[in-house]
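Please read them with the structure open.

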Amino acid sequence: MKALQGVEGHVEWLDEPSPTCDVGQVRIRVAAAGLNRADLLQRAGLYPPPPGASSVLGLECSGVISEVGPGSSWQVGDRVCALLAGGGMAEEVVVDARHVLPVPEGLSLIEAAALPEVYSTAWLNLFQLAGLKPGEKVLLHAGASGVGSAAIQLCKAFGSPCWVSVGSAQRLAYCEDLGAQGGVVRTDGIEGLRDFGPFDVILDPVGGSYAALDLKLLALDGRWVLIGLMGGREAQLDLAQVLGKRIQLLGSTLRSRDDQFKADLVSNLSQHVWPLFAEGRLSPQLAKTFPIKDAEAAFAELATNQISGKLVLVIDESVT
């Protein structure tokens, strides 16, 4: 099979051995794969896959099941999308059957490729780890990103008002159209977020450069969920605020979680989140698609940090 590998800071569509499909697994003929910042880091050699995971790029994909291993209830021909630890940007991928979800009613396979990673990340960190409750106020840094776009919609669907920090006025308007109450443009200074706080939960992919302000913005018993380090790995913090406000700082990554954890997460998504697509309360925020031959251009566009929503690589348009 052909698959996309990160090679010395760029990507190449290379021949790879076809993986075997064992007990409890399914093989998916891939239609499309979502592009995430983790793929940029892996291409640069900064984010190796967890032990045992495929070295092929891609943490989510959509397609049609072409083989079912013993012990799975999926059927050949089912249209699905999948949460992966790697391997999605390929002609086919083998995945734990418990990490697979049906394509939501009314969505195309290309749209479905934009769902698993960002909705898993948003649901896990806001609702499972931070225990977000209806009415609690949320701050989403990088609100126009793929994860931010999913998080805004989930906050709206479950009754928690949210605000954002973003990179431009256009991206702020995009977030408000999705359901955010408001926010600030980063170049104008994020101190303006004080006008909207305090916040019960902050979802933070930035880290270092925002950390001191995050502490000030959090409410009593606030939860600060750190999911990335776009703003650096070091910060000077006033621990008296952590103590006095009873703040919980939660470091969270999804890719390295074990198979059972991901199976439970996907089961939660199937029960609580996936029905909302058919109801029209959630939607994939697909900014742009690229054919796999233009993968390098897609990676370059994501690296600009100017994308609102998700980029998707189309692997095989004939898969329907």
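1. Basis. This is a predicted model, in which local features need pLDDT of at least 70 and side-chain atom pairs count only at pLDDT 80 or more, while totals for chains, interfaces and linings use all residues. Residues are numbered from 1 along each chain as its sequence is written, and side-chain values use heavy atoms, with hydrogens and water left out.

2. Aromatic pairs. Rings of Phe, Tyr and Trp (its six-membered ring) pair if their centres lie within 6.5 Å; planes under 30 degrees apart are stacked, over 60 edge-to-face, and the rest tilted. The count by this rule is seven aromatic pairs. W123 and F127 are stacked, because their ring centres lie 4.6 Å apart and their planes make 20 degrees. Both residues sit in helix α3 (residues 116-129), four residues apart, so about one helical turn separates them. Helices (H or I, at least four residues) and strands (E, at least two) are DSSP runs, numbered from the N terminus. W123 and F127 are both buried. Buried means under 20% relative accessible area, exposed over 50%, and partly exposed in between (1.4 Å probe, protein chains only).

3. A pair across the chain. W163 and F196 are also stacked, at 6.3 Å centre to centre and 25 degrees between the planes. This pair links distant parts of the chain, 33 residues apart. W163 is in strand β9 (residues 162-166), and F196 is in the loop between β10 (182-185) and β11 (199-204). How accessible is W163? W163 has a relative accessible area of 12%, so it is buried. F196 is at 25%, and therefore partly exposed. Elsewhere, ring pairs join Y119, W274 and F277 into a cluster.

4. Charges over rings. The rule here needs NZ of Lys or CZ of Arg within 6 Å of the ring centre and within 35 degrees of the ring normal. K137 lies over the face of W163, 4.9 Å from the ring centre. The charged end of R255 is placed over the ring of Y47, 4.9 Å from its centre.

5. Helix crossing. The axes of α3 and helix α8 (residues 259-273) come within 10 Å and cross at roughly 90 degrees. Axes are lines fitted to C-alpha atoms, for helices over the stretch in contact, with angles from 0 to 180 degrees between N-to-C directions. The two helices are therefore roughly perpendicular; that class spans 65 to 115 degrees, with under 35 roughly parallel, over 145 roughly antiparallel and the rest oblique. From α3, Y119, S120, W123, L124 and Q128 meet F261, L265, N268, L269, H272 and V273 of α8. Contact means heavy atoms within 4.5 Å.

6. R43. This residue belongs to helix α1 (residues 37-43). R43 is at 15% relative accessibility, so it counts as buried. Leaving out residues up to four places away in sequence, R43 touches G6, G9, H10, V11, L57, E296 and F299.

7. A212 and helix α6. A212 lies in helix α6 (residues 208-217). Its relative accessibility is 37%, so A212 is partly exposed. Apart from neighbours within four places in sequence, A212 contacts Q236 and L237. The helix α6 is mostly covered, with seven of its 10 residues buried. Its cover includes β8 (138-141), β9, β11, β12 (218-226) and α7 (239-244).
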